[in-house]
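Here is a short briefing for a first look. Please keep the sequence and the model side by side while reading.

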Amino acid sequence: MPELPEVETIRTRLAPRLEGRELVRVDILDPRLTRPHDLFEVAEALEGDRIATVERHGKYLLLRLASGRGLLVHLRMTGSFGFAPVSHERAVLELDDGTRLAYRDVRRFGTWLVLEDAELEPYLAVKNGPEPLGPRFTTAWLAGQLARRRAPLKAVLLDQRVVAGLGNIYADEALWLARLNPERPASTVEPGEARQLVRAIRAALRRGIARQGSTLSDYRTPDGEAGAMQEEFRVYGRAGLPCPRCRTPIAKTRVGGRGTWYCPRCQPLRVA
Ligand SMILES: [Zn+2]
């Protein structure tokens, strides 16, 4: 599933080709993409409008239009954009310079939602907490959120209202960097550990962005390239392989239903 680094990579590739261009034709080919809204009504609301900016908010891509409306795209499991024709096309955008941008989605969990100007910020404010690479994501914020929760630390980190854009891969990588056990009750994390965790989350995400995301199966940039972050995972997907820090074999467990990898020696489960 695309997380912040993957969506940010897509955004940086789309922005220069889309910003300032008019949407001359919008073909939505899968009613599931826009439900409960009618796909023809959504297409009609977009056609003739101009793309002002391409933004990322957590895991959402936002095409903000000149009219003030926004097309909010969530890629979910397997959504992606491509400038070349691909299989499993669910929608196609045609721009006034002849650019054709296809939206692909094999498993069809992705969503397209058109919101009016006044609806956008309230909608995003409910879905997303602070951006982890922005100034609002502070030690005080994270420590405050963790202190209120008895759930396993990793499960709390996957709540988009706590950290926008963090998902399964980068949560495991960040917890390893911070030497914190993913199953520890969130409320037992001390302020000093929360500070380390803020740094670790930022470091893991920045590294992912620098490698243009991680390609495990479907993710590609809009130019069809694979990411390279998967070659640099320290723990994610590495059960039985040596920890890069202490050589102890990496362990796998499940936290909140999600496959979770960690080093039993660097990330011991301390019960406070
Ligand atoms: Zn280790």
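Axes are lines fitted to C-alpha atoms, for helices over the stretch in contact, and angles run from 0 to 180 degrees between N-to-C directions. Helices (H or I, at least four residues) and strands (E, at least two) are DSSP runs, numbered from the N terminus. The model is predicted: local features need pLDDT of at least 70, side-chain atom pairs count only at pLDDT 80 or more, and totals for chains, interfaces and linings use all residues. Residues are numbered from 1 along each chain as its sequence is written, and side-chain values use heavy atoms, with hydrogens and water left out.

**Helix α4 against helix α7**

- Helix α4 covers residues 139–147 and helix α7 covers residues 191–210. Their axes lie 9 Å apart, and the packing angle is about 115°.
- The crossing of α4 past α7 is right-handed. A crossing is left-handed if the near helix is turned anticlockwise from the far one by less than a right angle, and right-handed if clockwise.
- From α4, the contact uses Thr139, Leu142, Ala143 and Leu146. From α7, Pro191, Ala194, Arg195, Leu197, Val198 and Ile201 meet them. Contact means heavy atoms within 4.5 Å.
- The residues of this contact divide into 8 nonpolar, 1 polar and 1 charged. Here Ala, Val, Leu, Ile, Met, Phe, Trp, Tyr, Cys and Pro count as nonpolar, Asp, Glu, Lys and Arg as charged, and the others, Gly among them, as polar.

**The sheet β2-β3-β4-β8**

- Strands of a sheet pair through backbone hydrogen bonds, either parallel or antiparallel. Two strands pair if DSSP finds at least two bridges between them.
- An open sheet of 4 strands runs in the order β2-β3-β4-β8, and the pairing is antiparallel. At the edges are β2 (51–57) and β8 (111–115), each pairing on one side only. On average, neighbouring strands of this sheet are turned by 20° against each other, direction ignored.
- Helix α1 (residues 4–18) lies across β2 and β3 (60–65). The helix runs at about 170° to β2.

**Strand β4 and its partners**

- Strand β4 takes in residues 70–74 and pairs with β8 over 5 bridges, in the antiparallel sense. Histidine 74 stands opposite threonine 111 of β8.
- β3 and β4 also run antiparallel, joined by 5 bridges. There, tyrosine 60 has histidine 74 as its bridge partner.
- β3 and β4 make a hairpin with 4 residues between them. Glycine 68 in the turn has a positive phi of about 100°.
- Of the 5 residues of β4, 5 are buried, so the strand is largely enclosed by the rest of the structure. Buried means under 20% relative accessible area, exposed over 50%, partly exposed in between (1.4 Å probe, protein chains only).
- Gly70, Leu72 and His74 point one way from β4, and Leu71 and Val73 point the other way.

**Strand β6 and its partners**

- β6 is mostly covered, with 6 of its 7 residues buried.
- Strand β1 (residues 23–28) runs antiparallel to β6, and 5 bridges join the two. Isoleucine 28 faces alanine 91 of β6.
- β6 and β7 pair in the antiparallel sense over 5 bridges. Valine 92 has alanine 102 in β7 as its bridge partner.
- The hairpin of β6 and β7 has 4 residues between the strands. In its turn, glycine 98 has a positive phi of about 90°.

**Two buried loop residues**

- Threonine 99 sits in the loop between β6 (89–95) and β7 (100–105). Threonine 99 is buried, with a relative accessible area of 8%.
- The side chain of threonine 99 makes a polar contact with the side chain of aspartate 97 (2.9 Å). A polar contact is a pair of N or O atoms within 3.5 Å; within protein, one must be able to donate a hydrogen and the other to accept it, and residues adjacent in sequence count only if both atoms are side-chain atoms.
- Glutamine 160 belongs to the loop between α5 (153–157) and α6 (168–178). Glutamine 160 is buried too, at a relative accessible area of 16%.
- The side chain of glutamine 160 reaches the backbone nitrogen of glycine 165 at 2.7 Å. That side chain also reaches the backbone oxygen of leucine 166 at 2.8 Å.
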